[in-house]
Amino acid sequence: MPKQTETVERTVCQLLKLEGGEDGSVRLREDLGVDSLAMVDLVIDLEDRLGVEFNDADLDPSVLLTLDDLYQMIARRLSPAADDI
């Protein structure tokens with residue numbers, strides 16, 4: 001696993017108070033209880049810790065459903081081409 005991916009997963013696990021190693025299909029709202037306020041807090045912490053900025057489209061609750069969705073959104077923002085998105 002690339003170092004950047006490990007850092008993202010570790011950061012998300014810390015912020016969501018997870019043990020680590022959770023299946024990527026774990027649902028943010030239903031399984032982890034991440035409501036809209038918790039998502040705002042999570043995004044602010046991720047932006048601060050990872051030095052990225054998310055836009056409103058990234059945070060669409062109809063698309064951001066699982067841990068994998070969250071990891072993919074972060075990866076898009078961390079990629080060098082993210083400025084073009």
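1. E9 is partly exposed, with a relative accessible area of 25%; here buried means under 20% relative accessible area, exposed over 50% and partly exposed in between, for a 1.4 Å probe and protein chains only. E9 sits in helix 1.

2. The model is predicted: local features need pLDDT of at least 70, side-chain atom pairs count only at pLDDT 80 or more, and totals for chains, interfaces and linings use all residues. Residues are numbered from 1 along each chain as its sequence is written, and side-chain values use heavy atoms, with hydrogens and water left out.

3. The protein chain has three helices and zero strands, in the order α-α-α from the N terminus. Helices (H or I, at least four residues) and strands (E, at least two) are DSSP runs, numbered from the N terminus. Of the 85 residues in the chain, 33% count as buried. Among contacts with a separation of 6 or more, 60% join residues 24 or more positions apart; a contact means heavy atoms within 4.5 Å.

4. T11 also belongs to helix 1, which covers residues 3–16. With a relative accessible area of 8%, T11 is buried. Leaving aside residues up to four places away in sequence, T11 touches L46, R49 and L50.

5. K17 lies in the loop between helix 1 and helix 2, the latter being residues 36–50. K17 has a phi near 55°, a positive value in a residue other than glycine. Its relative accessibility is 74%, so K17 counts as exposed.

6. How far apart are the end C-alpha atoms of helix 2? They are 21 Å apart, which agrees with the 21 Å that its 15 residues should span at 1.5 Å a residue; the expected span is 1.5 Å times one less than the number of residues. The buried residues in helix 2 are M39, L42, V43, L46 and L50. They cover an arc of only 100° around the axis, which puts them on the same side of helix 2; the arc is that of the directions from the helix axis to the C-beta atoms. The exposed residues L37 and D48 are carried on the face of helix 2 turned away from its buried side. As background, an α-helix has 3.6 residues a turn, so residues three or four places apart point the same way.

7. Helix 3 takes in residues 67–78, and its twelve residues should span 16 Å at 1.5 Å a residue; the end C-alpha atoms are 16 Å apart, which agrees. Buried in helix 3 are L67, L70, Y71, M73, I74 and R77. Viewed down the axis of helix 3, these buried residues fall within an arc of 160°, so they line one face of the helix.

8. D69 is in helix 3 and counts as partly exposed at 23% relative accessibility. D69 touches V63 and L64, not counting residues up to four places away in sequence. D69 and L28 are 41 residues apart in sequence, and their C-alpha atoms are 9.3 Å apart in space.

9. The largest pocket holds about 290 Å³ of space. On a 1 Å grid over the protein atoms alone, a pocket is an open set of points where a 1.4 Å probe fits, with protein on both sides within 12 Å along at least five of seven lines, and lining residues have an atom within 4 Å of a point. Which residues lie nearest the centre of the largest pocket? They are R29, V34, M39, P61 and L64, out of 14 lining residues. The lining divides into ten nonpolar, one polar and three charged residues.

Key:
Points joined across faces, edges and corners; volume = space filled by probe spheres on them. Nonpolar A, V, L, I, M, F, W, Y, C, P; charged D, E, K, R; others polar.
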